[in-house]
Amino acid sequence: MSVEIRYGDEASPKKRDLWGAMKRGWLGRCPHCGEGRLYKSFLKPVHSCECCGEEMHHQRADDLPPYLVIFITGHVIVAAFMIFEELVILNTWQHLAIWAPMTIVMALALMQPVKGAVIGMQWANYMHGFGGEADEVADLDRYE
Ligand SMILES: [Zn+2]
């Protein structure tokens, strides 16, 4: 069952700032208030915001952040490699010594901000429990 959110009438929830929430999440802050920390470890979100109390435990970023990180990193690194290869002549080992570490560093550096932005997007769109109602997990029970 999908829940349609209509904005504007008195019974509907207030429209949330999508880009502001994604920016606050990108910076590792609570997408609601922007003050509290979003993570308690590298990629583990806090249970709830220490400042405003917004619950984060029901976020469902899942595989979207790694997918986006691979997509972004691949396009940047391959483009940089192709430009660099046109300008400088290096052998395969030299290229490997440059591009493999850069790929790993860029992927690790982007993972937390991208996951934060995804959580901010979910919060702004009232997804997965951010609207106050419990997320549907009935289908997950059969896998336990
Ligand atoms: Zn907060």
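Modeller: Let's start with a bend: helix H3 has a kink of about 35° at Met111, shortly before the proline Pro113. That bend is the angle between two axes, one fitted to the seven residues ending at a residue and one to the seven starting there. Helices here are DSSP runs of H or I with at least four residues, strands are runs of E with at least two, and both are numbered from the N terminus.

Before we go on, a word on what you are looking at. This is a predicted model, in which local features need pLDDT of at least 70 and side-chain atom pairs count only at pLDDT 80 or more, while totals for chains, interfaces and linings use all residues. Residues are numbered from 1 along each chain as its sequence is written, and side-chain values use heavy atoms, leaving out hydrogens and water.

Now follow H3 from end to end. H3 runs over residues 92-124, which makes 33 residues. From its first C-alpha to its last, H3 reaches 46 Å, close to the 48 Å expected at 1.5 Å a residue; the expected span is 1.5 Å times one less than the number of residues.

Gln122 is buried, because its relative accessible area is 3%. (Buried means under 20%, exposed over 50%, and partly exposed lies in between, using a 1.4 Å probe and protein chains only.) Gln122 also sits 8.0 Å from Ala61, C-alpha to C-alpha, although the two are 61 residues apart in sequence. Just after H3 comes Tyr126, with a positive phi of about 60° although Tyr126 is not a glycine. Most residues other than glycine have a negative phi. Tyr126 is buried too, with a relative accessible area of 10%.

What does the database record say about this helix? The unreviewed UniProt entry annotates residues 64-84 and 96-114 as "transmembrane region"; its positions use the numbering here, its feature names are shortened, and such annotations may be inferred rather than shown by experiment. In the model, residues 96-114 are 100% helix and 0% strand, with end C-alpha atoms 26 Å apart. Residues 64-84 are also 100% helix and 0% strand, and their end C-alpha atoms lie 30 Å apart.

Inside helix H2, take a look at Thr73. Thr73 counts as buried because its relative accessibility is 5%. A polar atom of the Thr73 side chain lies 2.8 Å from the backbone oxygen of Val69.

Next, step back into the loop between H1 and H2, where you will find Asp62 and Asp63. Asp62 has a positive phi near 50°, again in a residue other than glycine. Asp62 is exposed at 52% relative accessible area, and Asp63 is exposed as well, at 62%.

Cys30, Cys33, Cys49 and Cys52 each give an SG atom, 2.2 to 2.3 Å from the zinc ion. (Donors are N, O and S atoms within 2.8 Å of the metal, or 3.2 Å for Na, K and Ca; water is not among the atoms, so sites may look incomplete.) The donors follow the spacing C-x2-C-x15-C-x2-C. Cys33 and Cys52 both lie in the loop between H1 (18-26) and H2 (64-87), so this pair ties together parts 19 residues apart in sequence. Angles of 107 to 114° between the 4 donor atoms make the arrangement tetrahedral, a label for four donors that requires all angles to lie between 85 and 135 degrees. Cys33 counts as partly exposed at 28% relative accessibility, as does Cys52 at 34%.

Finally, the whole chain: it has 3 helices and 0 strands, in the pattern α-α-α. Of its 144 residues, 29% count as buried.

Note on methods:
Tetrahedral: all angles 85-135°; square planar, octahedral: opposite > 155°, others 65-115°. Polar contact = N/O pair within 3.5 Å; in protein donor to acceptor, adjacent residues only side chain to side chain.
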